[in-house]
Amino acid sequence: MERNSRRQAGFTIIELMIVVAILGILAAVAIVSYKAYVQRAHNSEATSVLADIRLKQEAYRATFHRYASVDTGWTPTSDPSSEEQRWPTETALDSVGGQWRQLGVIPDGAVFFVYTMETGSPGTAATLFEGLEPLTSADFWFAARAVQNLDDDSECGGFEVYSGSSRIVDFDEGEVDCP
């Protein structure tokens, strides 16, 4: 009689499996949300730097009647990836960092995008930004691009900004070749 009157304490295996399943679902949702948050944070870096480039180029043009030439290839490196990179710190005006410094574009801290810019005089065509309508003007022009490959899958995405436009154009992964 004593055996039947005692109540067992604890959880059944079914209850434990349900708790584990719920925790797994919550973790999956949290990981997806976190990745989207990180992507938005990195995108804000690129749009901020490109907006700074556009403003500094327009100020440079107001002073010197042309856009600043920053012919450095891709900065900070030619390998966009999920790893953060540092902006060059050279001070000579003919170095990579110096040309960006001459324009006044020096991002704070680490960057996840790589940047390039091309400028041209009236009637010249773009070579890095082939076939872009905004760059076929009869005036001085510039175009800047920020590219990233955060998931390291060899498909890049990013943003572009052009002279004569305050709009920052975005493109999805795979729409542009990685440098």
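Modeller: Start with Asp 139 and Arg 61, whose side chains meet in a salt bridge, with 2.9 Å from N to O. Asp 139 sits in the loop between β3 and β4, and Arg 61 sits in helix α2, so the pair ties together parts that are 78 residues apart in sequence. A salt bridge here is a side-chain nitrogen of Lys or Arg within 4 Å of a carboxyl oxygen of Asp or Glu. Helices (H or I, at least four residues) and strands (E, at least two) are DSSP runs, numbered from the N terminus.

A word on what you are looking at. This is a predicted model, where local features need pLDDT of at least 70 and side-chain atom pairs count only at pLDDT 80 or more, while totals for chains, interfaces and linings use all residues. Residues are numbered from 1 along each chain as its sequence is written, and side-chain values use heavy atoms, with hydrogens and water left out.

Asp 139 is partly exposed, at 32% relative accessible area. Arg 61 is partly exposed too, at 21%. The cut-offs are simple: buried is under 20% relative accessible area, exposed is over 50%, and partly exposed is in between (1.4 Å probe, protein chains only).

Now search the whole structure: three salt bridges turn up. Asp 52 pairs with Lys 56, with the closest N and O atoms 3.2 Å apart. Both lie in helix α2, four residues apart, which is about one turn of the helix. Asp 52 is partly exposed at 25%, and Lys 56 is partly exposed at 28%.

Glu 160 pairs with Arg 145, and their closest N and O atoms are 2.1 Å apart. This pair links distant parts of the chain: Glu 160 is in strand β5 and Arg 145 in strand β4, 15 residues apart. Both Glu 160 and Arg 145 are buried.

Where does that leave helix α2? Look at the largest nonpolar core, which has 21 residues; Leu 50, Ile 53, Trp 100, Leu 103, Tyr 115 and Met 117 touch the most other members. At least two core residues come from each of α2 (13-64), α3 (96-103), β3 (114-120), β4 (141-148) and β5 (156-162). The largest share, five residues, comes from α2. A nonpolar core means buried Ala, Val, Leu, Ile, Met, Phe, Trp, Tyr and Cys residues joined through side-chain atoms within 4.5 Å. In soluble globular proteins, nonpolar side chains tend to be buried together.

Zoom in on Trp 100. Leaving out residues up to four places away in sequence, Trp 100 touches Ile 53, Val 70, Thr 72, Thr 75, Trp 87, Val 105, Tyr 115 and Met 117. A second, separate core has five residues, including Val 114, Val 147, Cys 156 and Val 176. Contact means heavy atoms within 4.5 Å.

Cys 156 lies in strand β5. At 0% relative accessibility, Cys 156 counts as buried. Among the residues that Cys 156 touches are Pro 80, Val 147, Val 176, Cys 178 and Pro 179.

Strand β5 pairs with β6 (residues 168-176) in the antiparallel sense, over five bridges. Two strands pair if DSSP finds at least two bridges between them. Gly 158 stands opposite Phe 171 in β6. β5 and β6 form a hairpin with five residues between them, and Gly 164 in the turn has a positive phi of about 80°.

Last, go back to helix α2. Met 17 lies in α2, and at 52% relative accessibility it counts as exposed.

Now zoom out. The protein has three helices and six strands, in the order α-α-β-α-β-β-β-β-β along the sequence. Buried residues make up 34% of its 179 residues. Of the contacts with a separation of 6 or more, 55% join residues 24 or more positions apart.
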